[in-house]
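Okay, hi everyone, thanks for coming. I'd like to walk you through a few local features, so please have a look at this with me.

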Amino acid sequence: MITDKAAWPRLQNYVTDMVGAFADDKRVVVWDVYNEPGNSGMGDKSQPLMEAAFEWARAAKPTQPLTVGPWTDFNSPFSRRMMELSDVISFHGYDDRAGMEAKLKICAAPGRPVFCTEWLLRQGGNTFEAILPLFKERKIGCWHWGLVAGRTQTYFPWGSPRNAPEPALWQHDVLHRDGTPYKSREAALIRFVTGVSKTAPPEPMTIVPTAEKTAVSWRMTTEKPGDDWHKPGFDDAAWQTAPAPFGTLEPNIARQPRTPWHSPDIWLRREFKMPAGNFMDFALTAHFDENAEIYLDGVLAAKLPGFNAAYQSFPLNAAAAALLKPGKHLLAVQCRQTGGGQYFDAGLEATPAPETKR
């Protein structure tokens, strides 16, 4: 329908009927008249329909502004045209903070109000912690397209296969099915940034440091151990003590291991002490390549398929988090390499729970 002008009358009727019916409705903030023109390989072939959509919408004489958001190559002539036609500037952004700041600079150039109509990609550094304060600072209206982890399954990363297990790190969504937050600190941050709460959420606390800034060692083997290798009390006297990170040396790559690891599999164990106190949002901080399974006191705490390119935070599952009482505990890891480079390092963090006023 994008390039078949014979089909456009149907689209025109839809646009004019919809915009005309709600042209004075105060519940409508803005009309986004075309989602991601050029996507699905259409490129500039989408531009004539986009231009027509603006004409049809304006013919309905809405009192609300019209917009179409750039979503890729913001400096291209096509994206520039989207901003020229828009009464207010909108955009889609799944970048980390630096990338979002660059996009905001381009979007601010026309001197009109700016909205972000798609964002939140936790595995790419596009998180509430990184991006929401930026939007507040720049006075950017923002929408993300997932709320509860339900039928839409937007907590899965794009491209997840059918029947994939729930990911350790959600891409989208904010609440579990029972209404509890995916991350308590995230919920507290949203309340603080939006002015519902006057109390800033506490910063996460390192329980088990990674080797990113601290020299740490694990018990290590590359020979398949006994079946109870991941449980407390297992005799790992035959394993070696080695400094993290573990992996292969790769030229021109910032990450570099302290202990060489060339075999397909590596098994690791590390004891730590959990301090006293009330904590929430227990999470593993991991940099892995690839396919890591991490156990806490013999219980699977997180399964991390594939690989990542930087340290990321992955919530512990409820069964593992429930074990974290004050005292001695064990982290145990199996990481399996199937191709390309290989690398592993991990730690544990938690957020101090706010004090409850009586």
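Before anything else, a word on names: helices here are DSSP runs of H or I with at least four residues, strands are DSSP runs of E with at least two, and both are numbered from the N terminus. With that in hand, I can tell you that Pro-245 sits in the loop between strand S8 (240-243) and strand S9 (246-247). And keep in mind that this is a predicted model.

So what about the peptide bond from Ala-244 to Pro-245? That one is cis, with omega near 0°. There's another cis bond to look at, and this one joins Asp-289 and Glu-290, with omega at about 15°. Where's Glu-290? In the loop between strand S12 (279-289) and strand S13 (292-296).

While we're on loops, find Ser-40, between S1 and H2. Ser-40 isn't a glycine, yet its phi is positive, near 60°. Is Ser-40 buried or exposed? Its relative accessibility is 69%, and over 50% counts as exposed, so Ser-40 is exposed. Lys-139 also has a positive phi near 60°, in a residue other than glycine. You'll find Lys-139 in the loop between helix H5 (128-138) and strand S5 (141-142), and with a relative accessible area of 76%, Lys-139 is exposed.

Now let's do some helices. Helix H1 covers residues 8-21, which is 14 residues. From its first C-alpha to its last, H1 reaches 20 Å, close to the 20 Å expected at 1.5 Å a residue. Which residues of H1 are buried? Trp-8, Val-15 and Val-19. Look down the axis of H1 and those buried residues fall within an arc of 30°, so they line one face of the helix. They pack against strand S1 (31-32) and H2. On the face turned away from the buried side, H1 carries the exposed residues Arg-10, Tyr-14, Asp-17 and Ala-21.

Last stop: helix H2 (residues 47-59) with helix H3 (residues 77-85). Their axes are 11 Å apart, and they pack at an angle of about 5°. Under 35 degrees counts as roughly parallel, and H2 and H3 are therefore roughly parallel to each other. Who meets whom? From H2 it's Gln-47, Met-50, Glu-51, Phe-54 and Arg-58, and from H3 it's Phe-78, Arg-81, Met-82 and Leu-85. Sorted by class, that contact has 5 nonpolar, 1 polar and 3 charged residues.

Methods: Residues are numbered from 1 along each chain as its sequence is written. This is a predicted model: local features need pLDDT of at least 70, side-chain atom pairs count only at pLDDT 80 or more; totals for chains, interfaces and linings use all residues. Side-chain values use heavy atoms; hydrogens and water are left out. Axes are lines fitted to C-alpha atoms, for helices over the stretch in contact, and angles run from 0 to 180 degrees between N-to-C directions. Angles under 35 degrees count as roughly parallel, over 145 as roughly antiparallel, 65 to 115 as roughly perpendicular and the rest as oblique. Contact means heavy atoms within 4.5 Å. Ala, Val, Leu, Ile, Met, Phe, Trp, Tyr, Cys and Pro count as nonpolar, Asp, Glu, Lys and Arg as charged, and the others, Gly among them, as polar. The expected span of a helix is 1.5 Å times one less than its number of residues. Buried means under 20% relative accessible area, exposed over 50%, partly exposed in between (1.4 Å probe, protein chains only). The arc is that of the directions from the helix axis to the C-beta atoms.
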